[in-house]
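Thanks for coming, everyone. Please have a look at the chain on the screen, and then we will walk through it together.

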Amino acid sequence: MDTSTSAYAPLPGEDPLFSGHPPASLRRSWKGFAVIFASVLFLLSLVGLIIHQGPQQPPDVMPDKQDEHHHPQSTTPASETTSSWEPRGKALGVSAKSNPPVSDELSYNWTNAMFSWQRTAFHFQPERNWMNDPNGPLFYKGWYHLFYQYNPDSAIWGNITWGHAVSTDLIHWLYLPLAMVADQWYDANGVWSGSATLLPDGQIVMLYTGDTVDAVQVVCLAHPANLSDPLLIDWVKYSGNPVLTPPPGILTTDFRDPTTAWTGPDGKWRITIGSKVNTTGISFVYHTEDFKTYNMSKGVLHAVPGTGMWECIDFYPVVINGSKGVETSVNNPSVKHVLKASLDDTKVDHYALGTYFEENETWVPDNPALDVGIGLKYDYGRYYASKTFYDQNKERRILWGWINETDTESDDLAKGWASVQTIPRTVLFDNKTGTNLIQWPVEEIEELRLNNTDFSDVLVEAGTVVELDIGTATQLDILVEFEVEPLESSETVNSSVGCGGGAVDRGTFGPFGILVIADETLTELTPIYFNLANSTEGDVTTYFCADERRSSKAPDVFKQVYGSEVPVLDGEKHFARVLVDHSIVESFAQGGRTVITSRVYPTEAIYGAARLFLFNNATGLNVKATLKIWQLNSAFIHPFPLDQIQ
């Protein structure tokens with residue numbers, strides 16, 4: 001195929017009415033000697049556990065724009081902000097979901113054409129308005145169900161209900177009526193995140209977080225009104241809600257997001273719920289036989305000092321050797337258990353691999369240095385509040401995640417929507433490295449592939465850019481493999497370690513990669529790349545990165561460099577898969593060992609002006625690139641034609 005080569009232009013520096021009332025006992029403040037005594041005993045036991053585990057290094061704080069069930073962090077200088085302003089959601093005990101506050105002006109001279117282009121073609125998002133966490137995913141009677149945090153009234157966070165959509169293939173979606181709304185005293189301030197459990201007798205249990213009329217976080221129970229309905233349109237809330245309240249010693253705003261349940265050797269069900277004690281993130285375990293009454297296990301499933309509030313916890317097994325997922329209750333020597341927490345303080349989803357000990361309801365990480373909150377991340381980009389489920393239809397574990405916005409609330413209100421879900425990913429244990437998970441887009445995404453273009457051994461010399469002639473470059477599935485050819489006469493130049501220097505950096509061995517959503521003059525571009533670093537012992541460490549800093553000319557859009565180390569084993573080339581869907585770029589390195597999601601807001605590299613390039617900013621090597629690139633069709637995402645089945 002035709003390619004063109006030009007000198008690489010170095011990247012410059014960063015230029016309702018309630019149907020009941022809460023019991024009096026819940027409306028009163030907790031006090032009294034018995035409660036105080038129980039609280040002291042509880043806290044002392046947790047302190048002992050934390051001391052026993054020893055100190056841990058606190059996680060790095062991402063200069064994220066959006067918080068957890070969140071929103072972007074301001075790029076406005078502190079001197080220009082109002083000191084009394086509190087981000088949306090904070091007062092109700094969840095992470096911030098606004099930044100900066102709504103103003104009369106947009107952050108940029110956006111046009112309707114720009115806003116229209118930003119909307120994705122094959123990622124799930126509602127027709128309009130605000131969306132955040134994925135909730136309660138499941139497969140039932142031929143349909144995949146996705147519930148999600150949704151504001152039906154506005155493109156900013158608030159009035160949180162459960163949106164609902166169904167699909168037969170995880171790609172084409174049909175919107176259904178709202179599944180649950182905030183209409184009871186125990187969820188008056190929002191129907192927040194939760195999980196589904198499929199019982200052996202065919203019943204479905206949905207546990208979710210309710211924020212009460214008094215802003216207390218509680219666990220609530222709901223079930224389908226009609227199990228014979230494969231669409232599960234109508235849901236009934238349990239009359240005895242809430243089924244769980246914060247235990248003594250835990251703040252009423254630090255108790256949320258129940259997991260999918262699993263069974264123990266005694267036949268009882270278990271769930272885990274996120275919380276914190278001071279700055280220690282913890283996960284409680286509760287036992288139940290009927291999902292209405294619960295007993296709390298002694299101690300906690302796990303705790304990590306310095307990681308802050310744990311929310312949207314997930315806990316599930318992965319097989320050590322195999323290519324299939326397993327049901328959530330499986331626990332034997334053939335599996336490891338994944339414990340994942342969304343960290344409220346840093347707005348990052350961390351996971352760790354370890355062993356679950358049923359006899360004392362604890363989980364122990366394989367490597368304490370890679371414990372929850374201080375080690376591996378699901379995704380090193382714009383990603384949060386993820387949730388998995390076991391797909392019994394295809395015997396796989398599927399991962400959903402929320403891609404939040406990094407523009408302003410005013411921009412979101414103008415375009416009429418905010419946030420996107422990732423492409424669903426399969427999750428497997430990486431038995432080649434033995435230290436991490438593998439994430440990969442579900443195979444169904446390949447149904448959208450149209451015509452493809454192949455390139456073989458394209459030479460990208462040190463300091464050059466090569467344009468790839470593929471036509472429209474806004475909906476792509478890219479497979480790229482790089483072969484490194486060191487230059488004999490090159491002098492060693494140390495680049496910034498890792499991804500910190502961005503694609504503007506120049507070192508002996510990188511960076512090199514592709515430029516997506518780039519205009520012809522390279523004034524806007526998003527590099528997805530590898531960077532190699534030599535240690536003093538001669539070892540090579542490979543980093544996989546995404547640099548958003550020149551992705552948009554809009555000055556108030558939050559842009560940064562994301563990335564991490566990625567294991568490259570002996571005999572492996574550097575390879576990646578990149579899904580481009582307008583303003584969303586999902587990148588998978590080395591088969592999915594490291595994943596980065598980017599949310600970009602170009603002003604010029606849109607529609608037919610979007611291009612694709614190879615680049616090599618190394619000083620001491622050439623690279624040869626082999627690529628297979630598919631144009632992708634748009635998914636069918638529309639309202640369900642309910643009038644045709646009624």
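Let's begin with a term: two strands pair if DSSP finds at least two bridges between them. Strands themselves are DSSP runs of E with at least two residues, while helices are runs of H or I with at least four, and both are numbered from the N terminus.

Now the ground rules. This is a predicted model, so to speak of local features we need pLDDT of at least 70, side-chain atom pairs count only at pLDDT 80 or more, and totals for chains, interfaces and linings use all residues. Residues are numbered from 1 along each chain as its sequence is written, and side-chain values use heavy atoms, leaving out hydrogens and water.

First, the overview. The chain holds four helices and 37 strands. Of its 646 residues, 60% are buried. Buried means under 20% relative accessible area, exposed means over 50%, and partly exposed is in between, with a 1.4 Å probe and protein chains only. The chain exposes about 24,400 Å², and carbon and sulfur atoms supply 51% of that. Those areas come from the Shrake-Rupley method with a 1.4 Å probe; for residues, only the protein chains shown count as cover.

Next, the sheets. Strands of a sheet pair through backbone hydrogen bonds, either parallel or antiparallel. Find the open sheet of six strands, in the order S25-S36-S27-S32-S33-S34, with antiparallel pairing. Its edge strands are S25 (449–460) and S34 (594–599), and each pairs on one side only. From one strand to the next, the twist averages 15 degrees. Such angles run from 0 to 180 degrees between N-to-C directions, with axes as lines fitted to C-alpha atoms, for helices over the stretch in contact.

Stay with S25. Eight bridges join S25 to strand S36 (residues 621–632), and the two run antiparallel. Arginine 449 stands opposite leucine 632 in S36. Arginine 449 has another contact: its charged end sits over the ring of tryptophan 630, 3.6 Å from the centre. For that label, NZ of Lys or CZ of Arg must be within 6 Å of the ring centre and within 35 degrees of the ring normal. Lysine 415 does this too, with its charged end over the ring of tryptophan 417, 4.8 Å from the centre.

There is also an open sheet of four strands, S6-S7-S8-S9, again with antiparallel pairing. Strands S6 (191–198) and S9 (235–237) stand at the edges with a single partner strand each, so one side of each has no neighbour in the sheet. Here the twist averages 30 degrees from one strand to the next. Inside this sheet, six bridges join S7 (residues 204–211) to S8 (residues 217–224). Glycine 210 has valine 218 in S8 as its bridge partner.

Now a quick one. How many of the seven residues of strand S4 are buried? Seven of the seven, so S4 (residues 161–167) is largely enclosed by the rest of the structure. Seven bridges join S4 to strand S3 (residues 143–151), running antiparallel. Leucine 146 stands opposite alanine 165 in S4. Four bridges join S4 to strand S5 (residues 173–180), also antiparallel. S4 and S5 form a hairpin with five residues between them, and leucine 170 in the turn has a positive phi of about 70 degrees.

On to the rings. A search of the whole structure finds 31 aromatic pairs. In one of them, the rings of tryptophan 440 and phenylalanine 588 have centres 5.9 Å apart and planes at 65 degrees, so the pair is edge-to-face. The rule: rings of Phe, Tyr and Trp (its six-membered ring) pair if their centres lie within 6.5 Å; planes under 30 degrees apart are stacked, over 60 edge-to-face, and the rest tilted. Tryptophan 440 is partly exposed at 27%, whereas phenylalanine 588 is buried at 1%.

Last, the sulfurs. A disulfide is a covalent bond between the sulfur atoms of two cysteines. Here the cut-off is a pair of cysteine sulfur atoms within 2.5 Å. The search finds one disulfide. It joins cysteine 499 to cysteine 545, S to S 2.0 Å. The torsion about the S-S bond of cysteine 499 and cysteine 545 is about -75 degrees, so the disulfide is left-handed. Cysteine 499 is buried at 9% relative accessibility, and cysteine 545 is buried at 0%.
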